[in-house]
Structure formats: structure tokens, C-alpha cells
Amino acid sequence: KKSTSAISDGITGIFTTAKLDDDTLEELEDLLITSDLGVGVASKLTAALSQGRYNKEISGEEVKAVLAEEIEAILKPVAKPLVIDPANKPHVILMAGVNGAGKTTTIGKLAKKFRDEGKSVMLAAGDTFRAAAVEQLTVWGERVGVPVITKEIGSDAAALAYEAMERAINDGTDVLLIDTAGRLQNRDELMAELAKVVRVINKKLDGAPHDTVIVLDATTGQNAVHQVEVFSRIANISGIVMTKLDGSARGGVLVACAEKFGMPVHAIGVGEAIEDLQPFDARDFAKALVGIE
Amino acid sequence: MFDSLSDRLGGIFDGLKRKGALKEAHVTEALREVRVALLEADVALPVVKDFVAKVKEKAIGQEVLKSVTPGQQVIKIVNDELVAMLGAEQSGLNLLGVPPVAVLMVGLQGSGKTTSTAKIAKRLTEKDGKKVLMASLDVRRPAAQEQLKILGEQTGVKTLPIIAGQQPVEIAKRAMEAGRLQGFDVVMLDTAGRLHVDASLMAEVIAVRDATSPLETILVADSLTGQDAVNVAKEFDAQVGITGVALTRMDGDGRGGAALSMRAVTGKPIKFAGTGEKMEALEDFHPERVASRILGMGDVVSLVEKA
Ligand SMILES: Nc1nc2c(ncn2[C@@H]2O[C@H](COP(=O)(O)OP(=O)(O)OP(=O)(O)O)[C@@H](O)[C@H]2O)c(=O)[nH]1
Ligand SMILES: Nc1nc2c(ncn2[C@@H]2O[C@H](COP(=O)(O)OP(=O)(O)OP(=O)(O)O)[C@@H](O)[C@H]2O)c(=O)[nH]1
Ligand SMILES: [Mg+2]
Ligand SMILES: [Mg+2]
């Protein structure tokens, strides 16, 4: 069961029908903050709401509708699916992000999606660090029925990526999905390792990786903004997948990221199963955030 | 962002300079800035509200120390209250029971349960001389049981042999039985990640609890968690009953407001801090460090401390 949105419950509480004055606006801003929108975006949204409506009577439903519209307007330009260019042989997608965000699982889900579209897919177990990371991706490969390139634990991640590139090129694979170990963006040595992986991939094939996707966990707070910032600088991130939106967190920090970086959002994870990946829809996301059914 | 709190507080108290008592108007204005700083640090809103009210009561009327500015003094008061709320006490695991004592590890997906299980087991083995058995009850995540097994090999801690197809409660019972028969002091039960809103998975972990009567149930939570931290902590505590929290990814550069949120809504101590992926990267929780991180004001605090 999905919990109702905190914003929705709160709005209903504030505006049975109330005036949009300083107090209600402040309460509203607080509510927005409880969905991890951040102080900056929350105050921008309430400012937009009060525009032309200040000191007037307004219903909770109206407030929600306006807020959802404002959020949708921020998100609409960034809602872009992951598009495989058939001219790329292979089209290389590198997955990156902090520990435990959902990179490996998302690769499994994406592999399934591309397979269902009739493309040939290969996976590369580029997390050569974490215990059983290779086994985990191997299980996903079996579930989808696609080959997984592996090396023993402790191997150089860049070397694995190189080998996988070679295999995918030789086999004429359509899509190569490369997993990486989780790393926190303030760990310079690990970020340097990621930069090396990108370099090696690019050396092997001009234009690759064609997509470098950062996976964000919806329960993460404002640190996600910094994650996007640093991973972009080091690994030239091209888009976002947000996972774990089946929980009670609404992933408001995504709005902050969209506002700040205009970074494309490709898809959302809504569970642990193979089919629990959905396209990112700005309207649906905005409505879920403010709690419109 | 970090200096600006100090700057902004300085501005508020400019007229007051270095004498007299902290006035209500000033304090109220200062706490508005503190409130924003806490929210930016991901402290959950209800916790922020309570906190600010408490600090206000303490701050109004306090004599300003000679050698610091009123702004700095407010920061010091805020800091001390943060430390107090984060829980100054140092509490390890309670293992005082008839062995084998069960320790149950719970939390959201990917929070760091399996890694923390192995880290804690390693510490209990090496530092406390305990005989520890680890068992993975995670039959959902691909290669989860394998992961704990490998970590067991790396740390030299025994793991329960994997039997394919066994369900969590059965595995838990088998682990306790093995613990009894083989003379283990502690049995650490790693569980699959689950959402607090997932009724069937919550029921599963409750069944495990009832089958093993753990002395400790540790909620493993990501220190980078945002406002949802209160819901997670409250629900896990209400449904399963936790005895403490392990905060992971403290090696990140998050401001760590989740620590305060979780502590405030559950009243349960934060018993461990995970500071890396490696098996050694486990520390005791240091409230002062986290407080100055939340405020981003470590320097000011030590300045006032010396005054
Ligand atoms: N509820 C839920 N769980 C998810 C989702 N995506 C991933 N998970 C779970 O989150 C946990 C971590 O996922 P992984 O795919 O292993 O994450 P990762 O980023 O590869 O982790 P590391 O490689 O250790 O950094 C697993 O238990 C997944 O099943 C999602 O959308 N919803
Ligand atoms: N940087 C850092 N990484 C950590 C820490 N604790 C765990 N991790 C990493 O976080 C990721 C997830 O850890 P796991 O122990 O697999 O998490 P889990 O809660 O067991 O995950 P599920 O079983 O899928 O729910 C792994 O990549 C770990 O290496 C920590 O304190 N710091
Ligand atoms: Mg992974
Ligand atoms: Mg685990």
C-alpha cells in the first residue's frame, strides 16, 4: 500500500478554505520541504503560488493543482527516455552512483526492457569490488537471458570495461550496459577510478559511453544534488534514474536537480522486480509529489 | 552555505554587540536562520520545529560571554542542544543473555545491512572475543546470501551454511539452533531490505523476531537519508521494535540530519557509524562531530568552547 503524500495531507489540513497569507504560505513551504524539495525550490514554489492569489481565499484542491503544475513545468523539459541509437554498435550505457542506490538492479531492469524491444544486450560486471556484486549481476543476466562479462573480484574495473567493449563490438551487440561499484562522490580516489573507466571506454569506441546514467535513491536528501554535481564533473553524467519510489519518500530532490542542472531523467524504479521500471512522467511525478490521486 | 549561517547570525546581532543578555527578538530571528540550516542539513521538519522551540527557551535571557559575539553564542547553545539530543551516551550492544544471543539487522533496501552485519560481527569477534555466527535471511536479492558468505570468509567470521529454498523464519530458527549446538555467543541475523510500507515483508521480519527473540534489533539506515528518515525510523520502531540504529555512509559529505531525526522520533541510541565499504570502517557514534556537521559550524563551536 502506498502511503498518502505528506504534502497532500498537510494541504488538506491547512486549507479547508483559507486565505493565502504569510502564515499559510509558510506552512505550505514547510510541507514542500518535507518531500525533500529543498528550501530553495520550496520557497520558489510558494512564491509562484502566491503570485496573483495572495490574501485571497483558496481551496486545498486548488493549491495542490497549482503546485503540481509548477512542479510539472520544472520537470517536463527533463523527462527524456533513454534512447538507443542503432548507429552505435554497441550503444554503451555506463551506470554510476553512490553505494546501494540501485545501479545493478536497474541494469537488470533495463536489460529486460531492451531485450523486449528486440535488441541484443550484453552486461558487464564492472563492480569488481563489492562482495558478490559479480554474482548479483550474473543472476540478472540469467533472468533476462543475456551474456554477462565478468572478471574475478579485485580486477581492474577499467580492464573489465575494455574487455566487455571488445566483446560487444565483436559480437555486434546492440546495447552494452556496464555496471560500476558504488562510490561516494567525495572519495577522490574512487572518482578517479570512474574517470578512468570512462576514458578506457571512450578510447575503445569514439562517442562511447553514449549514456552515463547516475542512479539516485529517492530516500536521499539534499546530498543528491551534490552527487549529481560531482559525478557530472568527473564522469560527464547524461541522465538520471531515480529508484525506490515505491517507498514513502517522494524524491523531491529530483526537482531540485532538474532546476539546477536541467539533467534528463530517464526512468524511475518502483520495486525490486524485473518489471518495476517505469518511464519518467513529469505530470505523474508532480502529482504524486503533492498527493493528487 | 556553511559560513553564511555564521554571517547571517552575525548580522542579526550586530546592534547588540558584546554585552547584555540575549533578547527574544534577536533569538527568534537567529533561530529562523538556524531552522533553515537544519532543513538544508535534512533534519526532518517536525524535529526541527521541536528543536527550535527548545533552543529558544534556553537562549532567551542568557548572559552573553565577553569574548564571543551573540551570534556565536547562539550557535554554541544550538550545538550543545544538538549534541544532547543526539545522545551523549555511548552504548554498545547488549549481549547479556543466555547464549546464543540474537542480533537482528533490519532496514530499507541498500542501506548497508549486510556490510554492517559483517563489520559488527568482526568487531565482536576481534575486540570482544565473542564467538559469532552470521546468517543471511535474504532470499530475495540476487546473491545476497553469497555476499554475506564472502564477507564471512574475509573477516574470518562463521556463516550459516546456505540451504537453497529455505525461507527466512526457517533459516533464522536453524541459525539459532546451530548457535546453541555449536556454542556460539552471538547469532547475527542479516535480513533482506524492506520498505516500512510493505506490509507483507514487515510481517515477515516480525515473524523472524518472534522466532528468535533478539536482544538487539538494529535499524541500519543511510546517513544521507532525507526527510523520510522520520517515517522509516518511526515505522520500523513501531512495527518491529528497534533497540538502536547503525548509520552508514558517514564517510560521505552529507550533513547527516537523518541522525537527529531518527534519534528524536525513536529515542533509540545510534550505536554505530559506518565509515566506508571496508570491514574495518565501523566507528562509535560521535554526537559532537555530527552536530557540528549538521550545523556546518565546527570552528565556531570550538571557538566558543575556548571562550
Ligand atoms: N523498493 C525498491 N528497491 C529497489 C529498487 N531498486 C533497487 N532496489 C533494491 O535496492 C537494493 C540495492 O540495489 P542494487 O542494485 O544492489 O544497488 P547498487 O547501486 O548496485 O549497490 P552497490 O553496487 O552495492 O553500490 C537491492 O536490495 C535492490 O533490490 C526500487 O526501485 N525499489
Ligand atoms: N561508503 C560506504 N559504503 C557503505 C557503507 N556501508 C555499506 N556500504 C555500501 O553500500 C552498499 C550496500 O550495502 P549492503 O550491505 O549490500 O546493503 P544492504 O542493506 O544489505 O542491501 P540489501 O540487502 O539489498 O537491502 C554496498 O556497496 C556497500 O559496500 C558505509 O558505511 N560507507
Ligand atoms: Mg551494484
Ligand atoms: Mg543485504
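This is a predicted model: local features need pLDDT of at least 70, side-chain atom pairs count only at pLDDT 80 or more; totals for chains, interfaces and linings use all residues.
Because ligand 1 is surrounded by residues from chains A and B, the site is shared between the two chains.

Polar contacts to oxygen atoms of ligand 1 are made from both chains, as the following pairs show. In chain A, a polar atom in the side chain of A:Q136 is placed 2.9 Å from a ligand oxygen, while A:G269 brings a backbone N or O atom to 3.2 Å from an oxygen atom of ligand 1. From chain B, the side chain of B:R141 has an N or O atom 3.4 Å from an oxygen atom of the ligand. Of the 650 Å² that ligand 1 exposes when taken alone, 96% is buried by the protein.

A further feature of chain A concerns the packing of two of its helices. Helix α7 (residues 157–171) packs with helix α8 (residues 188–204) at an angle of about 25 degrees, and their axes lie 9 Å apart. Since angles under 35 degrees count as roughly parallel, α7(A) is therefore roughly parallel to α8(A), and the crossing of α7(A) and α8(A) is right-handed.

Note on methods. Residues are numbered from 1 along each chain as its sequence is written. Chains are lettered from A and ligands numbered from 1 in the order in which they are written. Side-chain values use heavy atoms; hydrogens and water are left out. A residue is near a molecule or strand if one of its heavy atoms lies within 4 Å of it. A polar contact is a pair of N or O atoms within 3.5 Å; within protein, one must be able to donate a hydrogen and the other to accept it, and residues adjacent in sequence count only if both atoms are side-chain atoms. Accessible areas come from the Shrake-Rupley method with a 1.4 Å probe; for residues, only the protein chains shown count as cover. Axes are lines fitted to C-alpha atoms, for helices over the stretch in contact, and angles run from 0 to 180 degrees between N-to-C directions. Helices (H or I, at least four residues) and strands (E, at least two) are DSSP runs, numbered from the N terminus. Angles under 35 degrees count as roughly parallel, over 145 as roughly antiparallel, 65 to 115 as roughly perpendicular and the rest as oblique. A crossing is left-handed if the near helix is turned anticlockwise from the far one by less than a right angle, and right-handed if clockwise.
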